[in-house]
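Keep the 3D view open while you read.

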Amino acid sequence: MKTLERLLEWGGVKKDVTLLAISAAALLASIFHLLPLPFDAAWIAIILCGIPIILEAVIGLVTEFDIKADVLVSIALIASVVIGEDFAAGEVAFIMQLGALLEDLTVAKARAGIEKLVKLTPRTARVLRDGKEILLPAEQVSVGDQLRVLPGETIPVDGHIVSGQTSIDQSVMTGESMPVDKGPGDQVSSGTVNQFGVFEMTASKVGEDSSIQRMIRLVQSADAGKAKIVGLADRWATWIVVIALSSAAITWLVTGEIIRAVTILVVFCPCALVLATPTAIMAAIGNATRHGFLVREGDALERLSQVTRIAFDKTGTLTFGQPHVVDVQCLEEDSSPEQLYAWAAGAELRSEHPLGKAIVRCYSEERQTQPPQPEEFQMLPGRGVKAVVQGQEILAGNPELLSEEGVSLSEDIRQAAAKHLSQGCTVVYLAVSGRAAGFLALADTLRPDAPHTIAQVKAAGVIPVLLTGDHSEAAKNIAEQLSLTEVRANCLPQDKLDYIGECQNRNEPVCMIGDGINDAPALKKAQVGIAMGGIGSDIAVDAADIALVNDDIREIPHLLRLSKRMMRVIKYNLTFSMALNFLAIILAMTGVLNPVVGALVHNAGSVFVIVHSAFLLRWRKR
């Protein structure tokens, strides 16, 4: 059996371009008698390209009684050799292996997304026992154990904080880049990252029950549940074999000429039919590549042509994924918004918090100058920062920070902030020298091309949907700007997976577009997954069928139209191929075609299919 497997690998399962080149040269040598061999040079093509086809056909029939296109090809090959038409046999074998090579070139490389997810799983945990800190393998943590997590460490299990204040990067679970402030009583998930403060927690879900392990299982189950599309030639192979054999047998019985029967088998060999799909797919993939898409799965465009909905993740897909200062509210009479902005940026200058970095970045970009340097600085995890800037004591953070420092927020500040909070903004409250002075509102901003993209998706006949892990106010605000009517907020990976499953159960295939680790299960489950290749995580890209290399979402409508155009080209190719085959079989029955001419006729059909598909390379709807 191992010898047989090696033979298959040598001859055809992993199609070797070198062997095809040798076979092509041998066929040319056979036509022009270029090689002084004691046998027809076409036998080189028969051996290199034909034997693997026959072996695969026999194994499929014997082990699974699976009739595919290679069964009919094998019959044509053997019949041609029996009656001495060596060139016809070699030419058919070569064309079939060329088609198989094109199919192989569209198959994605082995992906390592699940392995990368596994690497996210924390290996160790700091367990507190009898007042001592013990470093244990994460899988040995039990429910109820007390753990300590230091800044920068990945949380090893699910649980809740019992002491300490911190900010947690939850992007692995929600996709949102903004850390979430946490304190005693708050839930934390395995795989998320502790940003700043030290805290102690009680384990509630460990091992296979932890969040990161459930994520891994979601990706695995979504991948296993995705059905693969069967090639059309293989789907129709049984009927083609029956029709071809019946036609050949009837012709032989009626005319008594074996040559006509063999010619029928040769012209009915589904070369053009086999080439119809892979040549169009290869051309469409070439077109997609020119527009910034890396197509990782050969049948991805075929599946994309069937989708009725596109589910967009928000952060990093429709938005830039970076917070920007959208408003500065100063409610202190002794200062101005400009001055308050400068003090806030100065206070955050040494902060490691993403919000603080965003304030500094926006100030520097807008004012073309650096913020004032703080004379003193203190980071307060889970609260904000405390600094002295230009002689003023500045507090910048959440309401809890101001309350703990004895600063009360006026009703005017609360009402002004509430308006921004209802629009999905994040608010950083500011106090100057012990008095509440105002706030900065930050929000993730839309990509400028997002509205046009959504409009074009609708024009292509596909329903756009927003699926986001962000809170409902932010999701609603983005949806209103994009005229989206279907929105789901607060989505965890399981929620996105459930939505896609619901749609597909209603026979409404979904294309998922995302960039984060939390999108990986949905990208796997969807009819087609498209990952943002530039800013997207490696795991999201590995889970997707297509990667948008330059993150230019304006090209997504073109990809939708291209997939539908590709399917039309494939249908035209298939129709032409079958019509040519039936015409050729009639001519073979009447004796007009002999095996060699018949092989050339169906070879001409193959050339037509290739040329017709090639027009897809530069196609774009005007």
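Lys496 and Asp313 join their side chains in a salt bridge, with N and O 3.3 Å apart; the term covers a side-chain nitrogen of Lys or Arg within 4 Å of a carboxyl oxygen of Asp or Glu. Lys496 belongs to helix H21 (residues 493–505), while Asp313 sits in the loop between strand S11 (309–312) and helix H14 (314–318), so the bridge ties together parts that are 183 residues apart in sequence. Helices (H or I, at least four residues) and strands (E, at least two) are DSSP runs, numbered from the N terminus. Both partners, Lys496 and Asp313, are buried. Here buried means under 20% relative accessible area, exposed means over 50%, and partly exposed is in between (1.4 Å probe, protein chains only).

A word on the source: this is a predicted model, where local features need pLDDT of at least 70 and side-chain atom pairs count only at pLDDT 80 or more, while totals for chains, interfaces and linings use all residues. Residues are numbered from 1 along each chain as its sequence is written, and side-chain values use heavy atoms, with hydrogens and water left out.

How many salt bridges does the rule give? The count is 22.

| Pair | N to O distance |
|---|---|
| Lys496 and Asp313 | 3.3 Å |
| Glu555 and Arg620 | 3.2 Å |
| Glu200 and Arg148 | 3.0 Å |

Take Glu200 and Arg148, whose closest N and O atoms are 3.0 Å apart. Glu200 is in strand S9 (residues 199–205) and Arg148 in strand S3 (residues 146–149), so to speak distant parts of the chain, 52 residues apart. Glu200 is partly exposed at 23% relative accessibility, and Arg148 is partly exposed at 25%. Both also belong to a salt-bridge network, together with Arg126, Glu133 and Glu153.

The Glu555 and Arg620 side chains form a salt bridge at 3.2 Å, N to O. This pair also links distant parts of the chain, 65 residues apart: Glu555 is in the loop between strand S22 (546–548) and helix H24 (556–589), and Arg620 is in the segment after helix H25 (595–614). Glu555 is buried, at 14% relative accessible area, whereas Arg620 is partly exposed at 36%.

Now for the nonpolar side. A nonpolar core is a set of buried Ala, Val, Leu, Ile, Met, Phe, Trp, Tyr and Cys residues joined through side-chain atoms within 4.5 Å. Which residues have the most contacts inside the largest nonpolar core? They are Ile310, Leu318, Ile546, Leu559 and Met566, in a core of 91 residues. H24 supplies the largest share of this core, 13 residues. Setting aside neighbours within four places in sequence, Ile310 is in contact (heavy atoms within 4.5 Å) with residues including Val457, Pro464, Cys511, Ile556 and Leu560. Another core lies apart from that one and has 26 residues, among them Trp343, Cys362, Ala396 and Ala437.

What about cysteines? A search of the whole structure finds 0 disulfides, using a cut-off of 2.5 Å between a pair of cysteine sulfur atoms. Cys511 is buried at 0% relative accessible area, and Cys49 is buried at 2%.

Cys49 is also one of the buried residues of H3, a list that includes Ala42, Ile46, Ile53 and Gly60. Helix H3 (residues 42–64) has 23 residues and, at 1.5 Å a residue, should span 33 Å; its end C-alpha atoms are 32 Å apart, which agrees. The expected span is 1.5 Å times one less than the number of residues. H3 has a kink of about 40 degrees at Gly50, shortly before the proline Pro52; the bend is the angle between axes fitted to the seven residues ending at a residue and the seven starting there. After H3 comes Phe65, with a positive phi near 45 degrees.

Two loop glycines are worth a click. Gly152 sits in the loop between S3 and strand S4 (158–163). Is Gly152 buried or exposed? Gly152 is exposed, at 55% relative accessible area. Not counting residues up to four places away in sequence, Gly152 touches Val193, Asn194 and Gln195.

Gly185 is in the loop between strand S6 (180–182) and strand S7 (187–188). Gly185 touches His160 and Ile161, again leaving out residues up to four places away in sequence. Gly185 and Val162 are 23 residues apart in sequence and 6.0 Å apart in space, C-alpha to C-alpha.

Finally, the overall numbers. The protein has 25 helices and 22 strands, and 54% of its 622 residues count as buried. Of the contacts with a separation of 6 or more, 68% come from residues 24 or more positions apart.
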